[in-house]
Amino acid sequence: QLQLVESGGGLVQPGGSLTLSCRVSGFTLDYIAIGWFRQAPGKEREGVQCISRSGGITNYADSVKGRFTISRDNAKKMAYLQMSSLKPEDTAVYYCALQHYCRGPTIGSWGQGTQVTVSS
């Protein structure tokens, strides 16, 4: 059974950095895209970035270009989101999800997410 566990969130000052991790179990990653999504208070969940099975990166949100970098390690069944130059508007619960392809529908249920708060 597919299970996604996100971690690495926390409180960080504006301009700071964080790296989020996503542990995947119950699914083989070799032929799957992996996406990061986020949901801010009072807003709908939105896509952040996606990495295809071949390593190509798609930015779902223009606001993260040049600041966020997604990566994956299929052998470890892990995905990561390196975030730098964080802004208060990046505050949200961050989720990872599997997708057959970037911009495609997500697979399975959402995990519990990890809270990122950017504040001074």
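## Strand pairing around Thr 19

Thr 19 has Gln 82 in S8 as its bridge partner. The strand that pairs with S8 here is S3 (residues 18-25), in the antiparallel sense and over 6 bridges. Strands, like helices, are DSSP runs numbered from the N terminus (E, at least two residues, for strands; H or I, at least four, for helices), and two strands count as paired if DSSP finds at least two bridges between them. The model is a predicted one: local features need pLDDT of at least 70, side-chain atom pairs count only at pLDDT 80 or more, and totals for chains, interfaces and linings use all residues. Residues are numbered from 1 along each chain as its sequence is written, and side-chain values use heavy atoms, with hydrogens and water left out.

S3 also pairs with S1, again in the antiparallel sense, over 5 bridges. In that pairing Val 5 has Arg 23 in S3 as its bridge partner.

## The four-stranded sheet

These strands belong to an open sheet of 4 strands in the order S1-S3-S8-S7, with antiparallel pairing. Strand S1 (3-7) and S7 are at the edges with a single partner strand each, so one side of each has no neighbour in the sheet. On average, neighbouring strands of the sheet are turned by 15° against each other, direction ignored; the axes behind such angles are lines fitted to C-alpha atoms (for helices over the stretch in contact), and angles run from 0 to 180 degrees between N-to-C directions.

Leu 4 and Glu 6 make up its covered face, while Gln 3, Val 5 and Ser 7 make up the uncovered one.

## Salt-bridge network

The model has 4 salt bridges, a salt bridge being a side-chain nitrogen of Lys or Arg within 4 Å of a carboxyl oxygen of Asp or Glu. Side chains of opposite charge can pair when their charged atoms come close. Arg 38, Glu 46, Arg 67 and Asp 90 are linked in a network of such bridges. Arg 38 bridges to Glu 46 with the closest N and O atoms 2.7 Å apart. Arg 38 is buried at a relative accessible area of 5%, whereas Glu 46 is partly exposed at 35%. The classes are buried under 20% relative accessible area, exposed over 50% and partly exposed in between (1.4 Å probe, protein chains only).

Arg 38 also bridges to Asp 90, where the closest N and O atoms are 3.0 Å apart. Arg 38 lies in strand S4 (residues 33-39) and Asp 90 in the loop between strand S8 (78-83) and strand S9 (92-99), so this pair ties together parts 52 residues apart in sequence. Asp 90 has a relative accessibility of 0% and therefore counts as buried. A further bridge joins Asp 90 to Arg 67, with the closest N and O atoms at 2.8 Å. This pair links distant parts of the chain, 23 residues apart, with Arg 67 in the loop between strand S6 (57-59) and strand S7 (68-73).

## Surroundings of Arg 67

Arg 67 is buried, with a relative accessible area of 9%. The side chain of Arg 67 reaches the backbone oxygen of Ser 85 at 2.9 Å. Leaving aside neighbours within four places in sequence, Arg 67 is in contact with Gln 82, Met 83, Ser 84, Ser 85, Leu 86, Lys 87 and Asp 90; contact means heavy atoms within 4.5 Å.

## Nonpolar cores

The largest nonpolar core has 28 residues, and those with the most contacts inside it are Trp 36, Phe 68, Leu 81, Met 83, Tyr 94 and Leu 98. At least two residues of this core come from each of S3, S4, strand S5 (46-51), S7, S8, S9 and strand S11 (114-118). Another core, of 6 residues, lies apart from it and includes Ala 33, Phe 37, Cys 50 and Cys 102. A nonpolar core is a set of buried Ala, Val, Leu, Ile, Met, Phe, Trp, Tyr and Cys residues joined through side-chain atoms within 4.5 Å.

Beyond four places in sequence, the contacts of Tyr 94 include Trp 36, Phe 68, Leu 81 and Met 83. Arg 38 and Glu 6 are also among the contacts of Tyr 94.

## Positive phi values

Lys 77 is not a glycine, yet has a positive phi of about 60°. Lys 77 is placed in the loop between S7 and S8 and is partly exposed, at a relative accessible area of 29%. Arg 103, also not a glycine, has a positive phi of about 75°. The loop between S9 and strand S10 (106-107) holds Arg 103, which is exposed at 58% relative accessible area.

Terms used: A polar contact is a pair of N or O atoms within 3.5 Å; within protein, one must be able to donate a hydrogen and the other to accept it, and residues adjacent in sequence count only if both atoms are side-chain atoms.
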